[in-house]
Amino acid sequence: MSAAGSAAELGRRVVLSTPVPAVGGALVLTTLVMLAAGVDPALAYPALVRGAVADGNLEYTIAAFVPTLGMALAFALPLRAGEFNLGGDGQMAIGGVVAAAVALELPLPAGIAVALPLAAAALAGALVAGASAPLRTRLGLPAIVTTLLISAPAVSLASYLVRFPLAEQGTGMAQTPPLPESAHLPALAGSAYVTIGLPLVALLTAAWLYADTRTVLGYEIRATGQNREFARYGGVAVDRLAAITLTGGGAFAGLVGGLIVLGPPYRFVEGALTAPGYTFTAVAAVLLATGRPVAVPFTVALLTVLQAGGQGMEREAGVPGQLTQVVQGLIIVIVAVFATVRHLRARSGGREARA
Amino acid sequence: MSAAAGEPAADVPAAELVAVTKRFGPVLANDAIDLAVAKGEIHAVVGENGAGKSTLMSVLYGLHRPDSGHVRREGRRIRLRSPADAIAHGLGMVHQRFRLFPELTVAENVVIGAEPVRRGSVDRAAARRAVEELGERYGLRADPDARVGDLPVGVRQRVEILRALYRGAEVLILDEPTAVLTPGEAARLFEVLRSVTATGASVLLVTHKLSEVLAAGDRVTVLRRGRVTGRFDTARTTADELVRAMIGRSLATAAPPRGRGAPPRGPYALEVRDLSVRDRDGVARLSGVSFGVRPGEIVGLAGVAGSGQRELLDTVTGLRALGHGDSGEVLLGGAPVPRGRDPEVAYVPEDRHGRGTAAEMSLAENLLMGDQRRIRTARFGLSRAAVRARARDLVERFSISAASVDAPISALSGGNAQKAVLARELSRRTPVVVVEEPTQGVDVGAQERIHALLAEARDRGQAVLLQSSELPELRALCDRILVMYEGRVVAEFRGEDATDARLGEAMTGAAGAVR
């Protein structure tokens, strides 16, 4: 095959891979919505990009990218084993509140004043997610249901703790007192908002990507996700893997909660963890990456830019920021349509292969 | 072979495919195929996997539209855009996987989609009558009020045939109809097909099994790589002639020899002692099963599906743990099996898609399963180069035709996927090998190779437990054959003493066949 031919083939594969048409289709539909609403897309899109990356906004965008990427790991790790963790909000909230409690209540020496609350947060998140594991493996209740159902009371519990036992006295605000200085996440040089959470989450993502392709555990997780019975047949402890990945996902979510609380404004503020919708942006990003782990950081970046840019668009072009949620929703719908079509094709393809 | 214009009406074929060509991407599935089915005949279509049989039948049933060529029905050209069109033209199909509603009754399943209506609601009495009348006419007895989910497979297939006939099918297409049947049920099926053709209807029979073609067919069309390579009258052809048309050469005539001379002696590699197990509802599935397999012998397991083979083999391979209400033990080399899947037992499962492979994983990753902990490089690491190298080695040694070890295993033909599973399991040289239906859905050429592989495993001293519904396969390969019936081993034959008749008798629990 000629070089031009193989380049064309490569181009075709890139265009046909789900993220490209999904994002492209969503943008086309969003443009139509803008036109219908009387907004000039020629003003709105540049405003969106500026809102995300220009005028010092990049810092906020990166600050939002870190928890979203962390939550993407929380969803993607169990997903590789075929388990859906939709309880990220609850795991994150409990992680956050535990991190705040540890930082506030235990006088810690400087060396571990950051590390210990983060570790406790990850452990707490793991426990919340881990509660779904026996329900899945012993009783056969799908994790997608139990994680989601456990999430709501977990968020409420965190909320209660922040409002009462851990509340800042005298302000009447639903927030903890400010954490001691020693527990503040060190900021990266020259930034007010980007902390060492960025390299930490980047490192964890790299570790996950490595484990997924280059370790026995990653292989067994993928085999379980692809065909549970096949993995069981091959001697893989599929129930244990379901528990490990769910718990691991919960640990990522709990850690994200800890990172948020230990970052600016250095306290647990009610709603600050769940309100930005990191969990479901992350779910959308992982689904958009369609099972290709390497693509996850990129789809997370894309959706974070959309979200952050939405606010800029609202300020500058008078377009409601919710429009970016429309984009996100459309992306998920298009991804789902592609996945279904591929599934149907694979089925009819299987029939033809037996012909 | 197509009917020339102007022939007398009586000789007009019931259905005819004229120069049908169908491509799937680069694959030419059907290449200008002509096929004519006369009225009142059983016309067999045979060929290896991938020869284009199912595609051709799908064209005739309106599931695929041909790229060129067309379909004629009683001499008139018809257009088939969907199965509904095909049904309207009197074509009926019985798929390999039944399309029945297990919760509904026989009568409901038969009339579904064309229910007799009386005063705006389904006329159940008429539906029941229709089933009885059809059953009477074709010798297809089935209780119209029975729930389909409660019926044995053979009867379910009859319901499928009744449904096609009820819809007015005059050309009945059956795709591998005996794959799921016991020998007795298969014989009954062919009686039914005879009575169907006796009324002037025609049957198109797609099958792998040449013995059936020769016994039940009138004429046979052989496909190979999308083309017709032979048309024969079954009365004037032989199995060898058909095989040559199917695979382009003769099969090695001798089946791999059964154990040489004296049967092996000595301790069992695998021993099952007084094993009784119950299912979740407390129903006994195995009752006091005892037997052993020695190194260097192949022991066959015959029986009608559902006689306890599933439970027995799942227990032996460790996929089913013994629980409350179960008793007995499974010994490997004299020691009880550890809990969970035992790496000392290689296992080729019957359900290649559901259990034996993960369709979307690469061939290399599929070949790895079970050995992932053995070939890891560091404590956790898995070298992709090592995984690939191992896969290439197996592909070479077991002559698996695959474009790349990195492509999904679903890209392989059925025979090659099965060879891949065998390669993975046999290459581990475990003391015990459990094999289920090794040649199901596999073409003749690959069957030969698979049988040779099992014989090699035996000659290496592995103890092979072989479950198969193909009695000739068992007779050719096994030193001993155990017959299961209702959760018990009811008979044991030496390989050379077993005949289809004696095995069949034991499989149906007939008295006198007790071991």
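How many Å separate the centres of domain 1 of chain B and domain 3 of chain B? Taken over C-alpha atoms, the answer is 37 Å. Keep in mind throughout that this model is predicted.

**Stop 1: the domains of chain B**

Colour chain B by domain. Select 9–247 for domain 1. Domain 2 takes two selections, 256–344 and 430–515. Domain 3 is 353–429.

**Stop 2: where chain B touches chain A**

Show both chains. Here 31 residues of chain B are in contact with 19 residues of chain A. On the chain B side, select three helices: α1 (53–60), α10 (352–356) and α11 (363–368). Each of them supplies at least two residues to the side that touches chain A. The biggest giver is α1(B), with 3 residues. Now colour this side of chain B by class: 11 residues are nonpolar, 12 polar and 8 charged.

**Stop 3: a helix pair in chain A**

Move to chain A. Select α5, residues 88–105, and α8, residues 143–163. Two packed helices are described by the angle between their axes and the distance between the axes. In this pair the axes come within 7 Å and cross at roughly 25°. An angle under 35 degrees counts as roughly parallel, so α5(A) is roughly parallel to α8(A). The crossing is left-handed.

Next, show the side chains at the contact. From α5(A), pick residues including Ala93(A), Ile94(A) and Val97(A). From α8(A), pick residues including Ala154(A), Val155(A), Leu157(A) and Leu161(A). By class, the residues of this contact divide into 11 nonpolar, 4 polar and 1 charged. For the charged one, select Asp89(A) in α5(A).

How values were computed. Residues numbered from 1 in each chain as written. Chains lettered and ligands numbered in written order. Predicted model: local features only at pLDDT ≥ 70, side-chain atom pairs only at ≥ 80, totals over all residues. Domains from an automatic or database assignment. Axes fitted to C-alpha atoms, helices over the stretch in contact; angles between N-to-C directions. Helix = DSSP H or I, 4+ residues; strand = E, 2+ residues; numbered from the N terminus. Parallel < 35°, antiparallel > 145°, perpendicular 65-115°, else oblique. Left-handed = near helix turned anticlockwise from the far one by under 90°. Contact = placed C-beta atoms within 7 Å.
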